[in-house]
Amino acid sequence: MIEISKLVNNARHVNCVEGNTTLYALPRAEIVERWRDQTTDAFRFCFKFPATISHDAALRGCEDLTQEFFTRMAPLASRIGQYWLQLPARFSPRDLPALWHFLDALPKEFTYGVEVRHPAFFEKGEAEKALNRGLHERGVNRVVLDSRPVHSALPHSEAVREAQRKKPKVPVHAVVTAQNPMVRFIGSDNMQQNRELFDVWLKTLPKWEQATTPYLFLHTPDIAQAPELVDLLWQALRNAIPSLGAPPAIPQQSSLF
């Protein structure tokens, strides 16, 4: 099963969302309860750990912050698809012991993912091998960022230019370290180019789906174009993975968040 997200106002339209907002601020308790009330037990949330943990504390001495996060998200415990760490580019191979200490202390009932951005983790050397090995040993997914489309686009709009400034330009290493590999495909406003660059995932995701449950998240610089990207890719995805089903009826506006 591939789970494709867009933040929408009614969970009938998709079965999973990438909770990016938790990176920037802990949601209020009433907001978490609203998310619970707007979804069913079949729905899945993939929330990022707050930046206070992953960036500011660099995973060190943040036990209270981590407990506060899990406590706040507790009403959604049965609907968590994956909690994941988006680590900054300054988080280097020498910081791996802190990562292992942090992951080993997390509650065992959840699935976790880690997204790295330091260049050393993409050089296929000892640092990357150590990262992948450590994640595999702990059953933690390595989050795969595919930013090729947005960085290949012509910077002719502010939305594209902003995305090119903010999204890291790192190699795409399609590595499976656990049972829920996550792919974040950062599209551009050039739909034909998006389609061409997505071809590799039409080959990779069906292979992964035979033994795992991948998550696929589709992004566009202007969120209003996300439904167009879903429409563009859905039929090809369904041809590659027949169990995918009919395309979601995604509204153009509004948000769970």
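**Close-up views of a predicted model**

View 1. Arginine 161 sits in helix 7, residues 158-166. Helices (H or I, at least four residues) and strands (E, at least two) are DSSP runs, numbered from the N terminus. The model is predicted: local features need pLDDT of at least 70, side-chain atom pairs count only at pLDDT 80 or more, and totals for chains, interfaces and linings use all residues. Residues are numbered from 1 along each chain as its sequence is written, and side-chain values use heavy atoms, with hydrogens and water left out. Arginine 161 is partly exposed, at 33% relative accessible area. Buried means under 20% relative accessible area, exposed over 50%, and partly exposed in between (1.4 Å probe, protein chains only). Setting aside neighbours within four places in sequence, arginine 161 contacts Pro155 and His156 (heavy atoms within 4.5 Å). Its C-alpha atom is separated by 26 Å from that of alanine 174, 13 residues apart along the chain.

View 2. Helix 3 spans residues 63-73, and its buried residues are Thr66, Phe69, Phe70 and Met73. They cover an arc of only 90 degrees around the axis, so they lie on the same side of helix 3. The arc is that of the directions from the helix axis to the C-beta atoms. Asp64 and Gln67 are exposed on the other side. The cover over the buried residues includes helix 1 (29-37), helix 2 (51-56) and helix 4 (96-104). It also includes strand 3 (44-48), strand 4 (80-86) and strand 5 (112-115).

View 3. The structure holds 0 disulfides (pairs of cysteine sulfur atoms within 2.5 Å). For cysteine 46, the closest cysteine sulfur is in cysteine 16, at 3.9 Å, too far for a bond. Cysteine 46 is buried, with a relative accessible area of 0%. Cysteine 62 is buried too, at 3%.

View 4. The structure holds 1 cavity of 30 Å³ or more. On a 1 Å grid over the protein atoms alone, a cavity is a set of points where a 1.4 Å probe fits but cannot get out; lining residues have an atom within 4 Å of a point. The largest cavity has a volume of about 70 Å³, the space filled by probe spheres set on the points. Its lining includes Glu115, Val116, Phe122, Arg142 and His173. By class, the lining has 7 nonpolar, 1 polar and 2 charged residues. Ala, Val, Leu, Ile, Met, Phe, Trp, Tyr, Cys and Pro count as nonpolar, Asp, Glu, Lys and Arg as charged, and the others, Gly among them, as polar.

Technical notes
On a 1 Å grid over the protein atoms alone, a cavity is a set of points where a 1.4 Å probe fits but cannot get out, and a pocket is an open set with protein on both sides within 12 Å along at least five of seven lines; lining residues have an atom within 4 Å of a point.
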